[in-house]
Amino acid sequence: MPIVAQSTETTDWVSRFADEVIEESERRAPGKPVVVASGLSPSGPIHLGNLREVMTPHLVADEIRRRGHQVRHLISWDDYDRYRKVPAGVPGVDETWAEHIGKPLTSVPAPKGSPYPNWAEHFKAAMVESLAELGVEFDGISQTEQYTSGVYREQILHAMRHRADIDAILAQYRTKKAPAKKQQQKPVDEAELEAAEGSGAAAEDDGSSGSAGYFPYKPYCGNCEKDLTTVTSYDDDSTELTYSCTSCGFSETVRLKEFNRGKLVWKVDWPMRWAYEGVIFEPSGVDHSSPGSSFQVGGQIVGIFGGKQPIGPMYAFVGISGMAKMSSSKGGVPTPADALKIMEPQLLRWLYARRRPNQSFKVAFDQEIQRLYDEWDRLEAKVADGSVLPADAAAHSRAVRTASGELPRTPRPLPYRTLASVADITAGHEDQALRILSDLDPANPLTSLDEARPRYDKAEAWINTHVPADQRTIVRDEPDTELLKSLDEQARESLRLLLDGLADNWSLDGLTHLVYGVPKVQAGFSPDATPKELPAEIKTAQRTFFALLYQLLVSRDTGPRLPTLLLAVGQERVRTLLGE
């Protein structure tokens with residue numbers, strides 16, 4: 001297929017990478033589908049940092065599909081990797097899982113109560129479901145299946161024949177690192193190690209630890225199933241390999257050309273797969289930017305297998321609002337499934353699409369999610385009226401649709417902060433929620449909560465799972481008579497002005513105008529006066545008035561936006577609580 005001219009969306013990073021990938025694919029494998037790749041290790045919960053490993057090539061692959069090319073997005077499930085540690089905070093898992101350290105992930109039991117057959121399948125399942133909701137099309141490859149079925153047998157034998165060449169490449173970096181003894185004695189930063197572990201690159205035996213020489217292959221023990229093994233001899237002609245296990249003491253001699261219980265060490269395994277799959281594009285984490293990293297070393301080793309290193313950017317870390325850098329071993333790290341409980345897939349896609357891969361960003365689970373949704377809604381409005389900038393239009397397009405079509409969306413996307421406030425105040429009573437939301441726009445009332453779904457459900461989930469109990473809104477049952485008696489005449493007048501205007505302004509826009517207008521009127525200004533026409537004292541008066549209303553309605557100085565709160569409480573109850 002001939003190269004298609006660059007997309008009209010020329011200002012975004014996805015289009016630029018698509019141009020490069022198409023050109024490189026035509027050079028390396030003309031006429032064949034373009035191959036992009038991701039790798040995920042189901043060693044524990046697959047978190048939102050790992051999602052960047054998938055979303056970066058997905059967005060590029062999707063752009064290539066939009067241009068009419070055939071493309072395969074491979075996700076290699078590194079489920080034949082060793083089980084390294086027991087992640088903290090995983091339900092159904094206790095210290096007894098430590099006895100499985102060293103086994104393949106597919107040989108480790110799933111957490112108690114899981115319907116899945118093993119550890120790897122348990123953690124893969126949640127990610128597969130999330131990727132479907134996000135509209136990510138991919139071809140999944142189980143490395144357990146690849147290795148145990150003998151798919152890589154010729155590649156393994158080839159690596160063993162060329163082990164001296166591989167060792168020579170690795171030795172360049174071992175030599176460079178050797179003088180830094182003081183640095184080696186320092187404890188490894190756990191978060192950095194975890195970042196590496198997510199891509200299979202955590203501190204691992206590269207095959208050089210045995211006294212019999214270098215071997216790029218690691219058998220899993222025939223007795224205890226662990227990879228705490230050392231190759232003690234190998235014959236290239238017969239492929240006879242002898243190994244011993246330091247864990248259980250077992251040893252045996254096998255013929256490697258018939259043996260399928262082991263794998264290439266990571267720094268050889270990854271470039272072998274690049275060559276085998278013909279990968280053109282694959283990003284890698286910032287942990288691969290250092291000398292001797294898997295990606296850098298793989299760029300040299302891949303030539304031994306007759307392949308070339310993929311093109312692809314280093315991607316930066318993804319953080320969470322109010323949390324430190326994500327680390328699977330520390331437990332409690334948010335996953336894509338956690339994010340999709342509180343935000344629509346379009347918003348999550350947008351977060352990954354709008355930032356270049358080398359730019360870090362945070363996913364909001366705190367109050368910041370409301371501001372983020374406001375920003376998204378403003379972008380949607382600009383797209384609708386044609387005032388959007390090209391790069392923003394491109395990111396929006398990649399968020400709401402794929403080459404296969406539009407993602408399902410909320411029919412009436414009401415403001416997220418409003419929906420959250422309503423869900424908070426009504427505490428799950430859907431009839432009350434519908435009543436309030438119908439009053440937001442009396443000229444075009446909501447007739448069913450389904451019109452506001454799934455956004456309403458996401459906002460309700462956020463309120464119920466991420467807002468502390470002491471920040472939840474509880475409307476008073478009875479008026480605060482002591483506070484009402486203590487008010488001066490100015491405060492009483494402000495309440496009278498508000499109550500007098502309730503009936504005529506009972507909508508979101510009307511109440512917004514009313515609550516901001518009361519302090520203006522009291523100061524002798526028009527309720528329509530703009531901030532530029534008003535003295536600075538008016539803002540102070542407004543804050544004082546708002547605090548009074550919050551105290552009378554919810555016994556706090558702050559709360560949900562007042563217009564939403566008033567609608568939620570209902571006109572009759574508002575009048576009672578404000579002392580009418």
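Two strands are taken to pair if DSSP finds at least two bridges between them, and helices (H or I, at least four residues) and strands (E, at least two) are themselves DSSP runs, numbered from the N terminus. The structure is a predicted model, in which local features need pLDDT of at least 70 and side-chain atom pairs count only at pLDDT 80 or more, whereas totals for chains, interfaces and linings use all residues. Residues are numbered from 1 along each chain as its sequence is written, and side-chain values use heavy atoms, with hydrogens and water left out.

**The sheet**

Three strands form an open sheet in the order β5-β6-β7, and their pairing is antiparallel. Because β5 and β7 (251–255) stand at the edges with a single partner strand each, one side of each is left without a neighbour in the sheet. Neighbouring strands are turned against each other by 25° on average, direction ignored. Strand β6 (residues 240–245) is joined to β7 by five bridges, the two running antiparallel, and T242 stands opposite T253 in β7.

**Salt bridges**

A salt bridge is counted where a side-chain nitrogen of Lys or Arg lies within 4 Å of a carboxyl oxygen of Asp or Glu; a search of the whole structure finds 39 of them.

| Pair | Closest N and O atoms |
|---|---|
| D227 and R82 | 2.8 Å |
| E406 and R409 | 3.9 Å |

For accessibility, buried means under 20% relative accessible area, exposed over 50%, and partly exposed in between, with a 1.4 Å probe and protein chains only. On this scale D227 is buried, with a relative accessible area of 10%.

E121 and K124 both belong to helix α3, and because they are three residues apart there, about one helical turn separates them. E121 is partly exposed at 25% relative accessibility, whereas K124, at 9%, counts as buried. In the pair of E406 and R409, E406 is partly exposed with a relative accessible area of 45%, and R409 is partly exposed at 40%. Elsewhere, a network of salt bridges links D12, D19, E63, R67 and R398.

**Helix packing**

Helix α19 (residues 489–502) packs with helix α20 (residues 508–522) at an angle of about 145°, their axes being 10 Å apart; axes are lines fitted to C-alpha atoms, for helices over the stretch in contact, and angles run from 0 to 180 degrees between N-to-C directions. Contact means heavy atoms within 4.5 Å, and the residues that make the contact include L497, L498 and L502 of α19 and L511, L514 and V518 of α20. By class, the contact has eight nonpolar, four polar and one charged residues, where Ala, Val, Leu, Ile, Met, Phe, Trp, Tyr, Cys and Pro count as nonpolar, Asp, Glu, Lys and Arg as charged, and the others, Gly among them, as polar.

**The surroundings of R556**

R556 lies in the loop between α21 (537–554) and α22 (562–569) and is partly exposed, with a relative accessible area of 23%. Not counting residues up to four places away in sequence, R556 touches D470, Q471, R472, T473, A547, Y550 and Q551. R556 and K103 are 453 residues apart in sequence and 55 Å apart in space, C-alpha to C-alpha.
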